[in-house]
Amino acid sequence: MKITVSTFAKRKAEKERISMLTCYDYTTAKIVNSSNVDAVLVGDSLGNVMLGYEDTLSVTMEDMITFGHAVARGCKDKLVVIDMPFMSYQVSVEQAVTNAGRLLKEGRGNAVKLEGGKKVAEHIRAITNAGIPVMAHIGMTPQSVNAFGGNKVQGKSELAAKMLIEDALAVQEAGAFSVVLECVPAKLAKIVTEKLSIPTIGIGAGPDCDGQILVYQDMLGMYKDFSPKFVKHFGNVGDQILEAFNKYDSEVKTAAFPSEEHCFKIDEEVLEKLY
Ligand code: KIV
């Protein structure tokens, strides 16, 4: 049965955890779809891990639609959330609704995610009123990397912690069906999680969130440009890929590959006529 936003609400009510991974392509989407993972985010982190940008700011609506639709085609049973890229919703409420609509119409996602708390509450309300489920994202929000002066843990002072709680309540009140808490002290994330009736999805926010999300290349040990403290490697796929690439190179150069089993045949009769 397909996981939906109702599944998220049920999990919160029944105190059952939610697992999420990012996903950006059809092949990986098919693997995630066969797994027990509940939902996928086509994150604008694709700017880093798929396109090699140093941050997420250059990611476009067209990127999100292309990668989002690829994932939606492979992840039929999971909730597919597509990120709204930088400057696709900040300009106006109208712009936010139009672009959220494109991520469902053209990207075929089931929900959208956008960054920010109180400041984007009206955007969340309008998108939700258009029938589009919204996942909010507060704490360390990578699209504001320049405003934060780097990727830093958020909510550490009394004032910052109180503002984070207010942001969480504001996005819930505006209609978000869940909220990502990124790089937030674990004990603050616990308080936020207890105060909210919608699920919190943590990344670098400790064990007491209602769910967790990781970038899949990070958790598979494939992306090594930088590795945040909150990442755990559940595999060493990067090393396995490297080993396979080197094995291929060596077999090509020693003519061990391709062998007979990988070759197509032609009738001897035909062959004779070619000489
Ligand atoms: O873009 C992304 O991958 C995200 C997650 C880190 C939550 O926003």
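**Entry 1: strand β6.** I began with strand β6 (residues 178–182) and found it mostly covered, with five of its five residues buried; buried here means under 20% relative accessible area, exposed over 50%, and partly exposed in between, with a 1.4 Å probe and protein chains only. I took helices (H or I, at least four residues) and strands (E, at least two) as DSSP runs, numbered from the N terminus. Ser-178, Val-180 and Glu-182 point one way from β6, Val-179 and Leu-181 point the other way, and all are buried.

**Basis of the entries.** I am working on a predicted model, in which local features need pLDDT of at least 70 and side-chain atom pairs count only at pLDDT 80 or more, whereas totals for chains, interfaces and linings use all residues. Residues are numbered from 1 along each chain as its sequence is written, and side-chain values use heavy atoms, with hydrogens and water left out.

**Entry 2: partners of β6.** I looked up the pairing next; two strands pair if DSSP finds at least two bridges between them. Strand β5 (residues 134–139) runs parallel to β6 and is joined to it by five bridges, and Gly-139 stands opposite Glu-182. Strand β7 (residues 200–203) also runs parallel to β6, with four bridges; there, Ile-203 is the bridge partner of Glu-182. From β6 the chain crosses through helix α9 (residues 186–195) to β7 in a right-handed β-α-β crossover, that is, the path from the first strand over the helix to the second runs clockwise with the strands pointing away from the viewer.

**Entry 3: the annotated site.** I consulted UniProt, whose unreviewed entry lists Asp-44, Ser-45, Asp-83 and Lys-113 under "binding site"; its positions are given in the numbering used here, feature names are shortened, and annotations may be inferred rather than shown by experiment. Although spread over 70 residues of sequence, these residues cluster in space, with a largest C-alpha distance of 12.3 Å.

**Entry 4: Asp-44.** I located Asp-44 in the loop between β2 (39–42) and α3 (46–49). Asp-44 counts as buried because its relative accessibility is 4%. Beyond its neighbours within four places in sequence, Asp-44 is in contact (heavy atoms within 4.5 Å) with residues including Thr-56, Asp-83, Glu-115 and Gln-143.

**Entry 5: Lys-113.** I found Lys-113 in strand β4 (residues 111–115). Its relative accessibility is 2%, so Lys-113 counts as buried. Not counting residues up to four places away in sequence, Lys-113 touches several residues, among them Asp-83, His-137 and Val-180. Val-180 brings me back to β6, where it points the same way as Ser-178 and Glu-182.
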